[in-house]
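Please examine the sequence and the three-dimensional structure shown below.

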Amino acid sequence: MVKIKDSEIGGREIKMEQSGTGQSREDGMEWKQRGCVYFVRHGQSLWNVENKICGSTDVPLTDKGRGQAAETGKKIMEQGIKVDEILYSPLSRAAETAQIISQATGIPAREEPKLTEQNFGRWESTSPRSNEEFRQAKMQCAGGFGGGESMLRLAQRIYNLLDEIRLQSEERTYLLVAHNGIARIVQSYFKEMTNEEFADYGVRNCEIRRFEF
């Protein structure tokens, strides 16, 4: 019997038995041997420039954001990063970023609705993004930001997606192109975090992150 550390499966401990083709979970599913997944946040958006909270509002890229996406595609090629498929959020700032990367690298890309940014309710379109009250709200797992999506519901859909990707990770490597709110949940899947670390976590526009299962 093998135990996976909490930090490896999104804060959960799962007991497994060794098998010939991989590792069998107690619920009957099978984990593959360790693989990885890449994550890229979208390029600069108009509201990034204006220091507004975007959330699920569909805000377009700036010209700088498109340039950042092109540079990321170039970096993937130069660094020899091997990816089989790009999965991207339907929101235009992430979708266009993914399409630019796909064109630069030849990696096929498809929309994944689970990667849509969190709905921040009454906070969307407000400024500044560093608002302390908003920061405190991000530490409340069950709260829905006044008509938005709670952290618990967001974690459910992202953890489910990462579980699915993990099962394929021995054969396929994915690049996820999404948002800062999604990056926060992805980080929490792989690493234990305090509430403060969780609320403060973020990645730069078009920064490439690699996570090992």
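**Two helices in contact**

In helix 2, the residues R66, A69, A70, T72, G73, I76 and M77 meet E96, T97, I100, I101, A104 and T105 in helix 3; contact means heavy atoms within 4.5 Å. By class, this contact of helix 2 with helix 3 has seven nonpolar, four polar and two charged residues. Here Ala, Val, Leu, Ile, Met, Phe, Trp, Tyr, Cys and Pro count as nonpolar, Asp, Glu, Lys and Arg as charged, and the others, Gly among them, as polar.

The model is predicted: local features need pLDDT of at least 70 and side-chain atom pairs count only at pLDDT 80 or more, whereas totals for chains, interfaces and linings use all residues. Residues are numbered from 1 along each chain as its sequence is written, and side-chain values use heavy atoms, with hydrogens and water left out.

Two packed helices are described by the angle between their axes and the distance between the axes. Helix 2 (residues 63–78) and helix 3 (residues 92–105) pack at an angle of about 40 degrees, and their axes are 8 Å apart. Helices are DSSP runs of H or I with at least four residues, strands are runs of E with at least two, and both are numbered from the N terminus. Axes are lines fitted to C-alpha atoms, for helices over the stretch in contact, and angles run from 0 to 180 degrees between N-to-C directions. Helix 2 and helix 3 are therefore oblique to each other; angles under 35 degrees count as roughly parallel, over 145 as roughly antiparallel, 65 to 115 as roughly perpendicular and the rest as oblique.

**Aromatic rings**

The structure holds eight aromatic pairs. Rings of Phe, Tyr and Trp (its six-membered ring) pair if their centres lie within 6.5 Å; planes under 30 degrees apart count as stacked, over 60 as edge-to-face and the rest as tilted. F120 and F145 form an edge-to-face pair, 5.2 Å centre to centre with 85 degrees between the planes. F120 counts as buried because its relative accessibility is 5%, where buried means under 20% relative accessible area, exposed over 50% and partly exposed in between (1.4 Å probe, protein chains only). F145, with a relative accessible area of 7%, is buried as well. W123 and F134 form a tilted pair, 5.6 Å centre to centre with 45 degrees between the planes.

**A loop residue**

S125 lies in the loop between strand 7 and helix 4. At 37% relative accessibility, S125 is partly exposed.
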